[in-house]
Amino acid sequence: MAANYWASTQRLHWTFTKAELDEMRQELEDEDRIVLQQYYLPDRRLLSIFFNQQLAKLGKRMSVRQQALATAQVYIRRFYTKVDVRNTNVYLILATALYLACKMEESPQYIRMVVSEARNMWPDFIPSDVSKLGEYEFYLISEMNSQLIVHHPYRTLQELQGRLDLGQDDISLAWSVINDHYMTDLPLLVAPHVVAIAAIFLALTLKPNHGGLQAAANAAATLANATQPSKELPQESASSANTPQERIQQFVQWLAEGEVDVQAVVDSTQELISLYDVWEQYSEKTCKEQVSRFVKARGLDK
């Protein structure tokens, strides 16, 4: 296992620019315009929310750990940069990704149990033959070029807790934000430590302010000017930052004095805020109907 993210396949082969991601997805859509026009799908972020919720329900039935769920979501996002979603049985992909992730995170589940629980959730879409899930497992591994190690932001969050004097409420909220980032493209765009820092920033700005997302968005804009904070912000220790504003200033100062890509943190923060904004439009019923329609119509449930 590659303990160093910077030398990992995640950084070398599975981190892209937004332009590269857009190009890959456009190529997939261009392969079959007829199918694209026949089967409309919701906004990719709404579809990601649907995938996340379905996967979480399946994981809960099997008491799967959060890190395995997170790894499964990364697998799904990677896989769908190579294969158009309309060409797959989404429900079988979800079950297979979770089965494979549990193996890789050293908490394996019996294949028959995974199939059984998946059939209980999606009886019309999961075949009883366990070999089908085995076939899809090799399908996922092949499309991901057997590059299955995933580095997550959780470790960075834990490492920064003491350094930034974060309370348990801060950690809990930042942890939830990290969980949410798997419903965005961030796992394919930035390093895990960038996500952790963006999550901490959101935890600090969302909790003390009741302005909601707009307050967080306004606060995120200040990060772009944080390259020379020592001339503008007071020199405070973490323990002296008591008010919400002081804690945010202390965090921005720490960020600017380090070697973290501030613009990447800003972009990640805005990506997360965008997710929370579009979430208001989410309808599980609509997503389920649209996904189930093409799976059934194209015979992908066989």
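## Starting with a helix

Which helices do the buried residues of α15 pack against? They pack against α4 and α6 (90–104). Before looking at that part of the chain in detail, keep in mind that the model you see is predicted.

Helix α15 covers residues 284–297. In this helix, Cys287, Gln290, Val291, Ser292, Phe294 and Val295 are buried. An α-helix has 3.6 residues a turn, so residues three or four places apart point the same way. Just after α15 comes Gly299, which takes a positive phi of about 70 degrees.

## The chain as a whole

The chain has 302 residues, and buried residues make up 54% of them.

Contacts tell you how the chain folds back on itself. Take the contacts with a separation of 6 or more: residues 24 or more positions apart account for 78% of these.

## Leu98, a residue with 0% accessibility

Helix α6, one of the partners of α15, is also the place of Leu98. Is Leu98 buried or exposed? Its relative accessible area is 0%, and a residue counts as buried under 20%, so Leu98 is buried.

Which residues does Leu98 touch, leaving out those up to four places away in sequence? They are Leu55, Leu58, Gly59, Met62, Val64, Ala68, Leu69 and Ala72. For Ala72 there is a distance to look at too: Leu98 and Ala72 are 26 residues apart along the chain, while their C-alpha atoms are separated by 5.0 Å.

Val115 lies in helix α7 and counts as buried at 4% relative accessibility. Setting aside neighbours within four places in sequence, Val115 is in contact with Ile126, Pro127, Ser128, Val130 and Leu133. Val115 and Thr96 are 19 residues apart in sequence, with 8.9 Å between their C-alpha atoms.

Val278 is found in helix α14, which covers residues 262–278. This valine is buried, with a relative accessible area of 4%. Not counting residues up to four places away in sequence, Val278 touches Arg45 and Leu46. How many residues apart in sequence are Val278 and Asp43? The answer is 235, yet from C-alpha to C-alpha the two are 8.9 Å apart in space.

## A buried threonine in a loop

Thr184 is found in the loop between α10 (168–181) and α11 (192–206). Thr184 is buried, with a relative accessible area of 2%. A polar atom of the side chain of Thr184 lies 2.7 Å from the backbone oxygen of His181.

Further along the sequence, and again not counting residues up to four places away, Thr184 touches Arg77, Glu271 and Leu275.

## Two residues with positive phi

Most residues other than glycine have a negative phi, and most peptide bonds are trans. Glu106, in the loop between α6 and α7 (111–121), has a positive phi near 60 degrees. Glu106 is exposed, with a relative accessible area of 68%.

Asn145 lies in the loop between α8 (130–143) and α9 (154–163). Its phi is near 55 degrees, also a positive value in a residue other than glycine. Asn145 is partly exposed, with a relative accessible area of 46%.

## The second largest pocket

Finally, have a look at a pocket. The second largest pocket has a volume of about 420 Å³. Of the 21 residues that line this pocket, the closest to its centre are Arg44, Leu47, Phe51, Tyr80 and Val85. The elements that give two or more residues to the lining are α2 (18–31), α4 (44–61) and α5 (66–79).

Which element gives the most to this lining? That is α4, with six residues. By class, the lining of the second largest pocket has eleven nonpolar, four polar and six charged residues.

Conventions
Residues are numbered from 1 along each chain as its sequence is written. This is a predicted model: local features need pLDDT of at least 70, side-chain atom pairs count only at pLDDT 80 or more; totals for chains, interfaces and linings use all residues. Side-chain values use heavy atoms; hydrogens and water are left out. On a 1 Å grid over the protein atoms alone, a cavity is a set of points where a 1.4 Å probe fits but cannot get out, and a pocket is an open set with protein on both sides within 12 Å along at least five of seven lines; lining residues have an atom within 4 Å of a point. Grid points are joined across faces, edges and corners, and a volume is the space filled by probe spheres set on the points. Helices (H or I, at least four residues) and strands (E, at least two) are DSSP runs, numbered from the N terminus. Ala, Val, Leu, Ile, Met, Phe, Trp, Tyr, Cys and Pro count as nonpolar, Asp, Glu, Lys and Arg as charged, and the others, Gly among them, as polar. Buried means under 20% relative accessible area, exposed over 50%, partly exposed in between (1.4 Å probe, protein chains only). A polar contact is a pair of N or O atoms within 3.5 Å; within protein, one must be able to donate a hydrogen and the other to accept it, and residues adjacent in sequence count only if both atoms are side-chain atoms. Contact means heavy atoms within 4.5 Å. The expected span of a helix is 1.5 Å times one less than its number of residues.
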